[in-house]
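User: Could you walk me through this model? I'd like to go through it piece by piece, with the cut-offs spelled out.

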Amino acid sequence: MPKLTVYVPAMKLKVIDLYCEEKKIPRSALLVNCAVSFINATHRNIKCDYCAKPALGKYSLVVYDWSSGEKKEIKNLCEYHVRKAENEGTEVTEIE
Ligand SMILES: [Zn+2]
């Protein structure tokens, strides 16, 4: 198991320890579980910028426009809109 060293401000550690004592769980378990559920919650809530479907991830799009030239945009896209953009000749790069 990899070991992590985390620096926590004393005030925050006091709050964490009180909670752990109350729930009878080890401090490390609380920190890891919180981090994982935070990440899961953030990922689940991201929706595609073009429709209401859940996004696959964050993408950098390079759009070529006749009047303004090359334009870079960051968008959350679902599977359908990633493919649609690629089919339209947009450069799609996954960033997250
Ligand atoms: Zn979409």
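Predicted model: local features only at pLDDT ≥ 70, side-chain atom pairs only at ≥ 80, totals over all residues.

User: Good. Leaving aside its neighbours within four places in sequence, what is H81 in contact with?

Analyst: With those neighbours set aside, H81 touches C48, Y50 and C51. H81 sits in helix α3, where helices (H or I, at least four residues) and strands (E, at least two) are DSSP runs numbered from the N terminus.

User: Is H81 buried or exposed?

Analyst: H81 is buried, its relative accessible area being 14%; buried means under 20% relative accessible area, exposed over 50%, and partly exposed in between, with a 1.4 Å probe and protein chains only.

User: And which atoms are the protein donors of the zinc ion?

Analyst: They are C48 (SG), C51 (SG), C78 (SG) and H81 (ND1), at 1.9 to 2.3 Å from the zinc ion. Donors here are N, O and S atoms within 2.8 Å of the metal (3.2 Å for Na, K and Ca), and sites may look incomplete because water is not among the atoms.

User: What about the angles subtended by the four donor atoms?

Analyst: The angles run from 106 to 116 degrees, which makes the arrangement around the zinc ion tetrahedral; for four donors, that label requires all angles to lie between 85 and 135 degrees.

User: What spacing do the donors follow along the chain?

Analyst: The spacing is C-x2-C-x26-C-x2-H. C48 is in the loop between α2 (27–45) and β1 (57–65), and C78 is in the loop between β2 (69–77) and α3 (79–87), so this pair ties together parts that are 30 residues apart in sequence. Both cysteines are buried, C48 at 6% relative accessibility and C78 with a relative accessible area of 1%.

User: Where is the place of T90?

Analyst: T90 is in the loop between α3 and β3 (91–94), and with a relative accessible area of 15% it is buried. Beyond its neighbours within four places in sequence, T90 is in contact with L61, V62, V63 and A85.

User: How do the elements of the protein chain run from the N terminus on?

Analyst: The order is α-α-β-β-α-β. The radius of gyration is 21 Å, well over the 12 Å that the globule rule gives for 96 residues, so the chain is more spread out than a compact globule; the radius is taken over C-alpha atoms, and the rule is 2.2 Å times the number of residues to the power 0.38. Those C-alpha atoms fill a box of roughly 60 × 25 × 25 Å along the principal axes.

User: And V6, is that residue buried or exposed?

Analyst: V6 is exposed, with a relative accessible area of 54%, and belongs to the segment before α1 (10–23). The C-alpha atoms of V6 and I74 are separated by 32 Å, the two residues being 68 apart along the chain.

Technical notes:
Residues numbered from 1 in each chain as written. Heavy atoms only, no water. Tetrahedral: all angles 85-135°; square planar, octahedral: opposite > 155°, others 65-115°. Contact = heavy atoms within 4.5 Å.
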